[in-house]
Amino acid sequence: MTADGVPGDANGVDVVALGESMVTFLPSRAGRLADVPSFDRGIGGAESNVACALAAAGHRTRWVSRVGADGFGDHLVEAIARYGVDTRAVRRDPHRPTGIYFRTADDRDTDAHEVLYYRAGSAASAMSPDPDSVDHEALDSGRILHLSGITAALSADCLALLRELTAPRPGRPLVSFDVNHRPGLWSGTGDGEGPRVLLDLARGADLVFVGEDEAADAWGITGGPDAIRAALPEPATLVVKQGSSGATVFMEGLAEGAPSVFQPALKVDVVAPVGAGDAFAAGFLSATLRGLPAERRLRHGHLMAAAALTVPGDLATPPARAHTDRLAALDAEAWGTLRLGPGWTDGVPVNTEAKEEART
């Protein structure tokens, strides 16, 4: 166990991610789904996105899930493995299909955005505490176990599994939990059930990621990061994402009189506003595994998010670690004037002494 609570090396794995991944169909052009003539195939899944980003950044990761014994399942396992993720713990289900979804090219925050999910009864929705459903030994094989609230919404069995994994137990790795409140996934449950479940699961985790906006939507908390911390005092580390303004982290070991640290987000020329939350989590977890201070953890989260925002899909190739470290070490003035656009992860040197706005 390291000083900040991350267990030492366990079976050679840094992060294990549990969750459903789906084959994603991305439109060949903007417009309504009814008008799009063709789609390009990709992959999507909050937890596997984190595993892929961390693997591409040089960490040892494992993805645990279930997929159908079908061509889409083959594609998911092969595509995720190509990022360097260990997929040997993924189980195949001969009776249930792999989930798929279609989306438009529009910004998710606009009324024009459409998403159609075909995941009801999917192989991943059959994950449960039953040892035959998922590889429980694999779940405990890493230094960090990364979960999200999406899995809890898939089925009663999936929720039971997450309750078990976030409960105190001997040998439990550090549990990272991204709230990921998706109201549409909870529409079939009782009124307010989803938000209550997510709050309970977050309270059982060691490290929690939550957006300021989703805390307001799910729990009615509108008082900013301090109010969210008051509602979630249990996690040793709480990261509150504040959109384009930045992020705040509450964690043990900060300077006396400073219960939290805030770091502003970067200026980014956005190509597609998808995948940024998962990328931020990956950056923060990467810096956590390396034992970096709170400020650097937030900055690495922002840099990973910027990589995702400057490419069309959910997943982006992260910058080289040395490049990221140089940017994360900028002084406050240089960080505040840095601007990142498409291609910045290619490793073009940055003038870290520049006072004017830098674009890489």
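Mentor: Happy to. Helices (H or I, at least four residues) and strands (E, at least two) are DSSP runs, numbered from the N terminus. Counted that way, the protein has 12 helices and 17 strands. Keep in mind that this is a predicted model: local features need pLDDT of at least 70, side-chain atom pairs count only at pLDDT 80 or more, and totals for chains, interfaces and linings use all residues. Residues are numbered from 1 along each chain as its sequence is written, and side-chain values use heavy atoms, with hydrogens and water left out.

Trainee: Thanks! What percentage of the residues count as buried?

Mentor: Of the 360 residues, 55% do. Buried means under 20% relative accessible area, exposed over 50%, and partly exposed in between (1.4 Å probe, protein chains only).

Trainee: Switching topic: what share of the contacts is between residues 24 or more positions apart?

Mentor: Among contacts with a separation of 6 or more, such residues account for 69%. Contact here means heavy atoms within 4.5 Å.

Trainee: Which residues is A276 in contact with?

Mentor: Leaving aside neighbours within four places in sequence, A276 is in contact with A305, A308 and L309. The C-alpha atoms of A276 and L309 are separated by 6.0 Å, although the two are 33 residues apart along the chain. A276 lies in helix α9 and counts as buried at 19% relative accessibility.

Trainee: How do α10 and α11 pack?

Mentor: Helix α10 (residues 294-309) and helix α11 (residues 321-328) pack at an angle of about 120°, with axes 10 Å apart. That makes α10 oblique to α11. Axes are lines fitted to C-alpha atoms, for helices over the stretch in contact, and angles run from 0 to 180 degrees between N-to-C directions. Under 35 degrees counts as roughly parallel, over 145 as roughly antiparallel, 65 to 115 as roughly perpendicular and the rest as oblique.

Trainee: Which residues make that contact?

Mentor: From α10 they are R296, R299, H300 and L303, and from α11 they are T324, D325, L327 and A328.

Trainee: Now the aromatics. How many pairs are there?

Mentor: The count comes to 7 aromatic pairs. Rings of Phe, Tyr and Trp (its six-membered ring) pair if their centres lie within 6.5 Å; planes under 30 degrees apart count as stacked, over 60 as edge-to-face and the rest as tilted. F102 and Y118 have ring centres 6.0 Å apart and planes at 85°, so the pair is edge-to-face. F102 sits in strand β7 (residues 100-103) and Y118 in strand β8 (residues 115-118), 16 residues apart. Y118 is partly exposed, with a relative accessible area of 47%.

Trainee: How far apart are the ring centres of F209 and F284?

Mentor: They are 5.6 Å apart with planes at 90°, so this pair is edge-to-face. F209 lies in strand β11 (residues 207-211) and F284 in helix α9 (residues 276-289), so the pair ties together parts that are 75 residues apart in sequence. F209 is buried at 1% relative accessibility, and F284 is buried at 0%.

Trainee: Which residues form an aromatic cluster?

Mentor: F25, F39, F72, F102 and Y118 form one.
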